[in-house]
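Please look over the protein shown here before reading on.

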Amino acid sequence: MPVSFYPGPSEVYPRIPEYVQEAYQEGLLSSNHRSEAFMRLWAQTKQLLQQQLEVPEAYEVICVSSATECWQSLALSLAFSESLHLYSGDFGKKWAQYTQALRPEAVVRHLAFGLDEDPSPLLEAQLQTRPPDLLCLTYVETSNATQLPEQLWSVLRRNAPHTLVAVDATSAMGGVRLPWHLGDIWYASVQKCLGLPAGMGLLIVSPRAIQNAYQQGETRYYHSLIAQVENTRKQQTTHTPNVLGIYLLARTLADNPPIGTTHQRLQQQAQAYTACLETHPQLSLLVSNVAVRAPTVLAIKAAPEVLTQLYQKAATAGMTLGNGYGAWKHHTLRVANFPAIATEAHQGLIDLLNQYRF
């Protein structure tokens, strides 16, 4: 059976067709989002997120249409005069640019770091000399397969007691254990580590973030954070949501192991890829620094002609590989190491990489 290693939208859980049929038979696809049936479903889904992903009970879970929708909601809803955006790739940079466009009166600072660079010292220096009101982090940069290192979270503990911390957890939420208590705002789309079809996102906010939103007092916009929080507390949403997506999220969360088990499995699979590529004559990992290498998205570097052959070999074997992105478009490919992709499928790709030496 074909398998997609594209890093979003990526492979969905294999029981999704079964769940869709059950949602139809239960009449949920026509549920009004103010109905008792929907409110029970959303309450159950939030409880499962807390149990399976270890989301703190004090944090509010909000249903949104996508992760990028959160850029607008946060920029308009939070009280800040200065934000600092730490990033190594395109998605973190776009978040900063969009924030500046929406809040032209605010100071939006960019703090870019290199592909193999540990950004912890850069961030610590900034926090010690000029701490921002809002710090924006990208946990996994999907465009280049980097991840924030463990050391950075220690820097936050020591140096950012009063700074509001927002984290783009796309390509991480549902695949790795997240340090929830060190961030006030977390968001992600479901078409990556959560293994669902695209068209929905999650926004998870701390009591401190909610207090900040009320301080800002922004209620003119339909998707203001205040409106989103007040609706989710009633087990509702501001808009007619992706009810099917919520149902599928609840079913997959209930049927899969807790995040600790999933985290360990993905780490082991990432190590298997590393062992393969360390000895390959034509292929190597784009990110050489293990401390900042993401386990959920792998960027593989090679000459363009080698990548062309590899795409063809993989397609013949029923595997779809992800293209490179941005500055790395022509000399990398990307592989999703997401929970919905079976370990056997990953082993099949590793076998293919070992078999073909171009």
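The sections below go from the whole chain to its sheet and then to its nonpolar cores.

## Overall form

The structure is a predicted model. The protein contains 12 helices and 15 strands. Its C-alpha trace spans about 60 × 60 × 30 Å along the principal axes. A compact globule of 358 residues would have a radius of gyration near 21 Å, and the protein has 20 Å, so the two values agree.

Of the 358 residues, 57% are buried. The protein exposes about 14,700 Å², and carbon and sulfur atoms supply 51% of that area.

## The seven-stranded sheet

Seven strands form an open sheet with mixed pairing, in the order E2-E10-E9-E8-E5-E3-E4. At its edges are strand E2 (60-64) and strand E4 (107-112), and each of these pairs on one side only. From one strand to the next, the twist averages 15 degrees.

Strand E9 (residues 185-189) and strand E10 (residues 201-205) are antiparallel and pair over five bridges. Isoleucine 185 has valine 205, in E10, as its bridge partner. Helix H6 (residues 150-159) packs on the sheet. The strands that H6 touches are E3 (82-87), E5 (134-138), E8 (164-168) and E9. The direction of H6 makes about 170 degrees with that of E5.

## The nonpolar cores

In soluble globular proteins, nonpolar side chains tend to be buried together. Here the largest nonpolar core has 90 residues. Those with the most contacts inside this core are Phe5, Trp153, Leu156, Met173 and Trp186. Helix H9 (residues 243-255) gives the largest share of the core, seven residues. Apart from this core lies another, of 24 residues, which includes Val64, Ala166, Leu203 and Val205.

Which residues does tryptophan 153 touch, not counting those up to four places away in sequence? They are Leu137, Tyr139, Leu148, Val167, Pro179, Leu182 and Trp186. Trp186 is also listed among the residues with the most contacts inside the largest core.

Note on methods: Residues are numbered from 1 along each chain as its sequence is written. This is a predicted model: local features need pLDDT of at least 70, side-chain atom pairs count only at pLDDT 80 or more; totals for chains, interfaces and linings use all residues. Side-chain values use heavy atoms; hydrogens and water are left out. A nonpolar core is a set of buried Ala, Val, Leu, Ile, Met, Phe, Trp, Tyr and Cys residues joined through side-chain atoms within 4.5 Å. Buried means under 20% relative accessible area, exposed over 50%, partly exposed in between (1.4 Å probe, protein chains only). Helices (H or I, at least four residues) and strands (E, at least two) are DSSP runs, numbered from the N terminus. Contact means heavy atoms within 4.5 Å. Two strands pair if DSSP finds at least two bridges between them. Axes are lines fitted to C-alpha atoms, for helices over the stretch in contact, and angles run from 0 to 180 degrees between N-to-C directions. The radius of gyration is taken over C-alpha atoms; the globule rule is 2.2 Å times the number of residues to the power 0.38. Accessible areas come from the Shrake-Rupley method with a 1.4 Å probe; for residues, only the protein chains shown count as cover.
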